[in-house]
Amino acid sequence: MLPSRGFTRHLPAVAVVALVENSCQEVGLASLSLSDYSVQLSQFCDDQAYSKTTSMLTCYEPRQILFPPGSQGGVLERICKNEFTLARFELIPRRQWSETRGSMLVRHFTQGDSTVDTDAENKCMITQTSLR
């Protein structure tokens with residue numbers, strides 16, 4: 001939220017979140033806020049307890065969390081299910097996680113902002129590489 005008249009008002013950003021991780025505990029997170037339709041893309045290295053991921057998810061207050069099937073039964077999924085009991089969890093087959101389509105949508109919605117486009121492309125490429 002943007003500051004307004006000298007104070008910041010925090011409203012829960014009810015969201016749909018997609019999570020992906022690799023064996024090095026690098027986490028990719030995409031969040032779609034249902035209140036203002038903003039999208040946040042993040043990629044970071046996390047610890048064994050996934051404290052950064054949990055902290056970020058708490059800020060987004062997810063209503064739905066999407067995982068690829070390879071994450072089923074994994075530590076991250078178990079932690080999320082324990083921490084976010086009100087969220088709906090869904091496994092989305094990897095073939096439906098389209099980097100090409102996602103990249104096209106980012107370009108479309110950033111309306112030619114080359115900084116955002118380049119940053120999103122880099123994150124997309126890193127995520128693609130880490131998942132193979």
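1. E90 is partly exposed, with a relative accessible area of 29%. On the scale used here, buried stands for under 20% relative accessible area, exposed for over 50%, and partly exposed for what lies in between (1.4 Å probe, protein chains only). The partner of E90 is R88: the two form a salt bridge whose closest N and O atoms are 3.2 Å apart. R88 has a relative accessibility of 51% and counts as exposed.

2. A note on the basis of these points. The model is predicted, so local features need pLDDT of at least 70 and side-chain atom pairs count only at pLDDT 80 or more, while totals for chains, interfaces and linings use all residues. Residues are numbered from 1 along each chain as its sequence is written, and side-chain values use heavy atoms, leaving out hydrogens and water.

3. Overall layout. The protein has four helices and five strands, where helices (H or I, at least four residues) and strands (E, at least two) are DSSP runs numbered from the N terminus. Along the sequence these elements follow the pattern β-β-β-α-β-α-β-α-α. Of the 132 residues in the protein, 33% are buried. The protein exposes about 8700 Å², and carbon and sulfur atoms supply 55% of that area (Shrake-Rupley method, 1.4 Å probe; for residues, only the protein chains shown count as cover).

4. Contacts along the chain. How much of the contact set joins residues at least 24 apart, among contacts between residues at least 6 apart in sequence? The share is 47%, with a contact meaning heavy atoms within 4.5 Å.

5. Helix α1 and T53. Helix α1 spans residues 51-60 and contains T53. T53 is buried, because its relative accessibility is 0%. Leaving aside residues up to four places away in sequence, T53 touches L19, V27, F44, D46 and L76. One of these, L76, is itself a buried residue of helix α2.

6. The buried side of helix α2. Which residues of helix α2 (residues 75-83) are buried? They are L76, E77, I79 and C80. These residues lie on the same side of α2, because they cover an arc of only 165° around the axis (taken from the directions from the helix axis to the C-beta atoms). An α-helix has 3.6 residues a turn, so residues three or four places apart point the same way. The buried residues of α2 pack against β1 (15-21), α1, β4 (62-67) and β5 (88-91).

7. Salt bridges. The count comes to three, a salt bridge being a side-chain nitrogen of Lys or Arg within 4 Å of a carboxyl oxygen of Asp or Glu. R88 with E90 is one of the pairs. E77 and K81 form another, with their closest N and O atoms 3.3 Å apart. Both E77 and K81 lie in helix α2, four residues apart, which is about one turn of the helix. E77 is buried, at a relative accessible area of 6%, whereas K81 is partly exposed, at 40%. The side chains of E61 and R63 also meet in a salt bridge, at 2.8 Å from N to O. R63 is partly exposed, with a relative accessible area of 35%.

8. Positive phi values in loops. Phi of E61 is near 45°, a positive value in a residue other than glycine. E61 sits in the loop between α1 and β4 and is partly exposed, with a relative accessible area of 27%. Y50 also has a positive phi as a residue other than glycine, near 55°. The loop between β3 and α1 holds Y50. Is Y50 buried or exposed? Y50 is buried, because its relative accessible area is 4%.

9. Aromatic rings. The structure has one aromatic pair, counted where ring centres of Phe, Tyr or Trp (its six-membered ring) lie within 6.5 Å; planes under 30 degrees apart are stacked, over 60 edge-to-face and the rest tilted. The pair is F67 with F89, and it is stacked: 6.3 Å centre to centre, with 15° between the planes. The pair links distant parts of the chain, since F67 is in strand β4 and F89 in strand β5, 22 residues apart. F67 is buried, with a relative accessible area of 1%, while F89 is partly exposed, at 23%.
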